[in-house]
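Colleague: I would like to go through the labels attached to this model and hear what each one rests on. Please set the value against the cut-off wherever there is one.

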Amino acid sequence: MSTDFSIRPVGIPAPVQTVTTSNSAANEAVQTDLPVSQTVAASDTSAAVRSDLPKNENVSRQVVFDQAAASFVFQVVNDKTDAVVNQFPDEAMLRRRAYFHAEDLKSQPSRPLNTDVSA
């Protein structure tokens, strides 16, 4: 592979068609060479913030320490059913962390316990 890699323009640039939209954020965005059917508009910044939690449920937030994974777990819990509504990190991530934590503990050299009692 060569070390003299460089990018050079080739040919004459093609004219770009300007598409106007009703969204002001999209109008101020950088133009692309994509056809209109493949473009993605920026979201409207004046839109209301979306919350995934139901408004009518009584929920509480708690933090627990998972000893196997050696990490904190942030949970949103339904007060009526004590069911976990949302959790970070999710169960799959906690299982991975627990596995790697166990592997780390295995790889550490075991030290003998100091049973000498000095008076």
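Colleague: Which strands does helix α2 lie across, and at what angle does α2 run to β2?

Modeller: This is a predicted model. In the model, helix α2, residues 91–107, lies across β1, β2 and β3. The helix runs at about 155° to β2.

Colleague: What is the order of the strands in the sheet, and how are they paired?

Modeller: The three strands form an open sheet in the order β1-β2-β3, and the pairing is antiparallel. β1 (59–66) and β3 (84–88) each have a single partner strand, so one side of each is left without a neighbour in the sheet. That is why these two are placed at the edges. From one strand to the next, the twist averages 25°.

Colleague: What makes the peptide bond between phenylalanine 88 and proline 89 cis?

Modeller: Omega is about -5° for the bond that joins phenylalanine 88 and proline 89. Proline 89 is found in the loop between β3 and α2. Most peptide bonds are trans.

Colleague: Why is alanine 70 called partly exposed?

Modeller: Buried means under 20% relative accessible area and exposed means over 50%, with partly exposed in between. Alanine 70 has 36% relative accessibility, and therefore counts as partly exposed. Alanine 70 lies in the loop between β1 and β2. Its phi is near 55°, a positive value in a residue other than glycine.

Colleague: And why does aspartate 82 count as exposed?

Modeller: The relative accessibility of aspartate 82 is 61%. The cut-off for exposed is over 50%, so the label applies. Aspartate 82 lies in the loop between β2 and β3, and its phi is also positive, near 55°. Most residues other than glycine have a negative phi.

Colleague: What share of the protein counts as buried?

Modeller: Of the 119 residues, 11% count as buried. The protein exposes about 11100 Å², with carbon and sulfur atoms supplying 55% of that area.

Colleague: What pattern does the protein follow along the sequence?

Modeller: The pattern is α-β-β-β-α, made up of two helices and three strands.

Note on methods: Residues numbered from 1 in each chain as written. Predicted model: local features only at pLDDT ≥ 70, side-chain atom pairs only at ≥ 80, totals over all residues. Heavy atoms only, no water. Pairing = 2+ DSSP bridges. Helix = DSSP H or I, 4+ residues; strand = E, 2+ residues; numbered from the N terminus. Axes fitted to C-alpha atoms, helices over the stretch in contact; angles between N-to-C directions. Contact = heavy atoms within 4.5 Å. Buried < 20%, exposed > 50% of the residue type's maximum accessible area, 1.4 Å probe, protein only. Areas by Shrake-Rupley, 256 points an atom, 1.4 Å probe, with all protein chains shown as cover.
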